[in-house]
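Here is a brisk report on one protein chain. Overall form comes before single residues.

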Amino acid sequence: MASSPDAPVVLAEDGMPGGVRRAADYLEAALAEQGGPRIERVTLRGEGALLSSVPVYLGALARLGVWLTRRRVRLLHVNVTQRGSTGRALPLVLLARATRTPVVLHLHSSEYPAFLGSLPGPGRAAVRWMFRHADRVLVLGQGWAEFASSSLGVPPDRVWVVPNAVPGPPALAPRTSDGRVRVLFLGRLGARKGVGDLLSALGAAPVCPLPWEAVLAGDGDDAPFQAQARRLEVEERVRFTGWLDEAGVAAELRAADILALPSHAEGLPLALLEGLAHGLAVVTTPVGAIPEVVEDGENALLVAPGDTHALAAALYRLLCSPALRARLGDRARETWEQRYSTAAYGSRIREVYAGLGADEGR
């Protein structure tokens, strides 16, 4: 039995602040602009402690169960990361299979291979069953597509590469300078994102004397990094903003000259794409799908994760050369315009939905 003609696409997600929720926001906006199917968002986890989120999940599961059995869901689109997110997604896939509702799993995790390897045998089998029984599995890059097929057992024809995308300014305003070069980090503060590496590189002998200031914008525990900045005697030149909303992020991007993202593991970070959209000179690491987006010396500088000496050398080059910053920034902006705008993202998702009979518009 087909779903109701006015049924929405249900987008289920954990709802925690971060890149996955922002990607869902961008998708909803892009589909609305293009006249695509209506999106109904369902939150599977609250923003508080895990235990306090149990009622949120049980309520969402009950609501979805009713909608699915009454054919009030055109398609179920589930954003998935590791650990609890995967556990919360599994019953949704079971419900979708039982009600013959098309289901799309959208893998956003930066550390899924390690997570999968950490599971006992029955856990790995359950995860593989979940992915194999999705009608489509969306991944962020070709490397993740190979992982989905080889490690999760998804038939290759069900795996679609759908890179993240971000909105950007229609045109770039000329950058003004007061003599200081502004270095921006966007993301959750922690070891995985290489925040300590960035501070070590900024405090290194060749970089520290140069006229720079840095903004570290994101949630997470900043106390260890503030202490590190004090030890390196750069605390007066490093500003920690905490979590920023979309307007706050855009303001920091407009004021920045360099985006530094020295991550140790990634899917495809929105911060990288935002840096490209704003024409920043980017220094980052070749992890996750990042090497599919940027090329060293072409539209970014790439350094090995954890190599603080190479990171310091890359920052030194950028801080000392306005011409290099301008050239990389121009190429970065071109890369975003050609491949990572939200319009292209919406169109690609609509292709996925159309293949499952779920893109008849509103």
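## Terms and source

A residue is buried under 20% relative accessible area, exposed over 50%, and partly exposed in between (1.4 Å probe, protein chains only). By that scale Leu-172 is partly exposed, at 35% relative accessibility.

This is a predicted model, in which local features need pLDDT of at least 70 and side-chain atom pairs count only at pLDDT 80 or more, while totals for chains, interfaces and linings use all residues. Residues are numbered from 1 along each chain as its sequence is written, and side-chain values use heavy atoms, with hydrogens and water left out.

## Overall form

The protein has 13 helices and twelve strands (DSSP runs numbered from the N terminus: H or I of at least four residues for helices, E of at least two for strands). Its radius of gyration is 21 Å, close to the 21 Å of the globule rule for 362 residues, so the protein is as compact as a globular protein of that length. The radius is taken over C-alpha atoms, and the rule is 2.2 Å times the number of residues to the power 0.38. Along the principal axes, the C-alpha atoms fill a box of roughly 70 × 40 × 35 Å.

Of the 362 residues, 53% count as buried. Contact means heavy atoms within 4.5 Å. Among contacts with a separation of 6 or more, 75% join residues 24 or more positions apart.

## Ser-109

Ser-109 sits in the loop between β4 (103-107) and α4 (112-118). Ser-109 is buried, with a relative accessible area of 2%. A polar atom of its side chain lies 3.1 Å from the backbone nitrogen of Glu-111. Not counting residues up to four places away in sequence, Ser-109 touches Val-80, Thr-81, Gln-82, Trp-144 and Gly-267.

## Leu-172

Leu-172 belongs to the loop between β6 (159-161) and β7 (181-186). Its contacts, leaving aside neighbours within four places in sequence, are Ala-277, His-278, Gly-279 and Arg-333. Arg-333 is 161 residues from Leu-172 along the chain, yet their C-alpha atoms are separated by 9.1 Å.

## Two positive phi values

Most residues other than glycine have a negative phi. Arg-71 has a positive phi, near 60°. Arg-71 is placed in the loop between α2 (54-69) and β3 (75-80). Phi of Arg-100 is also positive, near 55°. The loop between α3 (84-98) and β4 holds Arg-100.

Which of these arginines is buried, and which is exposed? Arg-71 is buried, at 11% relative accessible area. Arg-100 is exposed, at 74%.

Note on methods
Polar contact = N/O pair within 3.5 Å; in protein donor to acceptor, adjacent residues only side chain to side chain.
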